[in-house]
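User: Please take a close look at a single part of this model and describe its surroundings with care. I would then like to read how the wider assembly is put together, with the cut-offs behind each term.

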Number of protein chains: 2
Amino acid sequence: MKNSLRLLGVLLFAVLAGAQERRYVIADQDASGPGGSDMAALLVLLQSPKVELLGITVVSGDMWRDEEVAHALRLMELMGRTDVKVYPGAAFPLVRTQEGTMAAQRLYGAGPWMGAWNPESKTKWDEVPALTEGNPTTKAAEEDAAHFMVRMVHAHPHQVTIYGAGPLTNIALATKLDPHFAELAERLVIMGGSLNPHTENPEWVNDPRHEFNFWFDPEAAHIVLTAKWADVTVTTVDASLQTSLSGVLKKMAGSKAQAARYLIQYARHFDLAEIAWDELAAATWLDPAITTKFREVYLDVNLEHGANYGDTLTWSDGDKPALTMQKVHAQVEVDAPRLERDLTALFTAPTPHAHDVALLPAK
Amino acid sequence: MKNSLRLLGVLLFAVLAGAQERRYVIADQDASGPGGSDMAALLVLLQSPKVELLGITVVSGDMWRDEEVAHALRLMELMGRTDVKVYPGAAFPLVRTQEGTMAAQRLYGAGPWMGAWNPESKTKWDEVPALTEGNPTTKAAEEDAAHFMVRMVHAHPHQVTIYGAGPLTNIALATKLDPHFAELAERLVIMGGSLNPHTENPEWVNDPRHEFNFWFDPEAAHIVLTAKWADVTVTTVDASLQTSLSGVLKKMAGSKAQAARYLIQYARHFDLAEIAWDELAAATWLDPAITTKFREVYLDVNLEHGANYGDTLTWSDGDKPALTMQKVHAQVEVDAPRLERDLTALFTAPTPHAHDVALLPAK
């Protein structure tokens, strides 16, 4: 009896300690709607029982902020996790504008994916069209994204991962609102930058140093990359181009899990949807063994407003500028089968802490 | 009797209407301490019975933010206006850094006034030295500058003047936190930019387009100047160099008013203290007739990170870029005697709504 009680105590301790070990994260994300890498990444964080998703902060990028907020709210409804609040962030990049970018393209040539600024996009910045996956009935938080992030790192100093898989505008604002923000975070995990991708994909053949998130708000990326983080891990284009989601999609077929059903229903609506972008960054944060090769580099972004505005810059120790800089772990090679296993397991599991799951609309 | 009552009604209405006509303003300001133009400008706003100073938002510029917050708090104590709260803002510019600026100066030559970054300044960014005018016992507000500004323009839509006489970092942050911020303000009044000053002053002989506030945070200035304000008035170096405060100082001699005593006690501690900078912008907002000549120009800041990073850019209708821009009223000539009369009258009057005035330290 005494031994049983002791065992119970040990078990209770293990359960409580396990509960304490849930890792805090804020998902700062553009959220382009079902089928998008953005949403799959949110699901990675939401589906892991090891993660406490403190909130979703939304930034214009792949789409405009207000539509993205609606997609994120709706995702939380469909997964029964409306307790995870959605915080609207920056509607526009710090310096780059759509109008200025179009004018510059007359001089330097057109870019590939331009997210909210794609010429075929008809939605205005402050409009929210009807959503394919159904319109949300829940509302966004009153607090803005940057302020929420600042508040959270003060509430849980050195315990919150800032995961940023969109343009880095919100994280830059938080950094500038509070000079202690970056150092109070546990770490920074981002999807951004392109080093030397081996690809015939036209997006990188002409400019291997181009990557959308850095390109969309170069000044924000520079501010974030030069802030004083304890640790920075970066999922690059190089790493993403080694992945494919087609195996995950096949293996999920027939799953009754709400996450899998959502992803299957809306997959392949977008170009490049078979490549893991943001979901690679999120999954690697949970399972670092997905990375098979890092480059340890000083990372920055070109801020000259010419042909290479927003391009990724890197240096090694021997050639860096004579300025205070911080190395990042740039993920450049991945264990693609391991990623596939991890994503399949996460998406086909029941959503932890789910309540009041909303019905997925019929196809 | 009936007529008397009617008269009383008319008078009451006039008094009430007058009270309603007090103009809301937020003073966004670096605050370099007694003797500085920053503090004289705060006094202009505080001393006018026509003004309701909603708060003082502080930004690094002439000095570091934390020391400036202390100077601003102390000023409110000395004037008996601790009801006017002080909101700490950005400690650092958005993109420009002290270290990067020093490196660039090896290539492009040294700049003149560098504010917090002046080589002789010994104070670190998060240190507050003992203040000449006595240390404050009051504390800064918890809310940060940018959020306070956003909150105020929503509380009083189209009624709040944003007066910015330091680097424009806080106002840029507010603009990016809330895409409706600029349009919800009544107007923007700034001290910044240099057009074609007629001067032998070495600060402008080599670069007539250099001005400290724009220079210290060029990206912030660009963000603010390209936001959608209802009206923008800019006090330029051209205008300031036509002014002198020596007449005001003479005329204030012997005044028992606390503002005058503070200014006399600490005047001339700084170079250029005899020129009206921020106080010219503040006084012109109160009395537009101080301006004898405006240039109506499109105004921006050079963001190329070369020799002219942060320099003032202007265009007229015929040569502006093919981008959406907004004209500003750039004050380039002033009625100096009128400014002297206005400032003397303000500084020698009792401080409106003063309570618990703190003792000025002995000289």
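Analyst: Asn170(A) is found in helix 6 of chain A, where helices (H or I, at least four residues) and strands (E, at least two) are DSSP runs numbered from the N terminus. The model is a predicted one, in which local features need pLDDT of at least 70 and side-chain atom pairs count only at pLDDT 80 or more, while totals for chains, interfaces and linings use all residues. Residues are numbered from 1 along each chain as its sequence is written, chains are lettered from A and ligands numbered from 1 in the order in which they are written, and side-chain values use heavy atoms, with hydrogens and water left out.

Setting aside residues up to four places away in sequence, Asn170(A) touches Asp28(A), Thr57(A), Val58(A), Val59(A), Gly89(A), Ala90(A), Ala145(A), Ala146(A) and Met149(A), contact meaning heavy atoms within 4.5 Å.

Turning to the meeting of the chains, 28 residues from chain A and 28 residues from chain B take part in the contact. Between chain A and chain B, nine residue pairs are in polar contact, with both residues at pLDDT 80 or more. On the side of chain A that touches chain B, the elements giving two or more residues are helix 4 (98-108), helix 5 (145-155), helix 6 (169-177) and helix 10 (218-225). Chain A superposes on chain B by a rotation of 180° with 0.0 Å of shift along its axis, at an RMSD of 0.0 Å, by least squares on the C-alpha atoms of residues with pLDDT of at least 70 in both copies. The two copies are therefore related as by a two-fold rotation axis, and the C-alpha of chain A nearest that axis, 3.0 Å from it, belongs to Glu304(A). Because 100% of the interface residues of chain A are also interface residues in chain B, the copies meet through the same surface.

Terms used. Polar contact = N/O pair within 3.5 Å; in protein donor to acceptor, adjacent residues only side chain to side chain.
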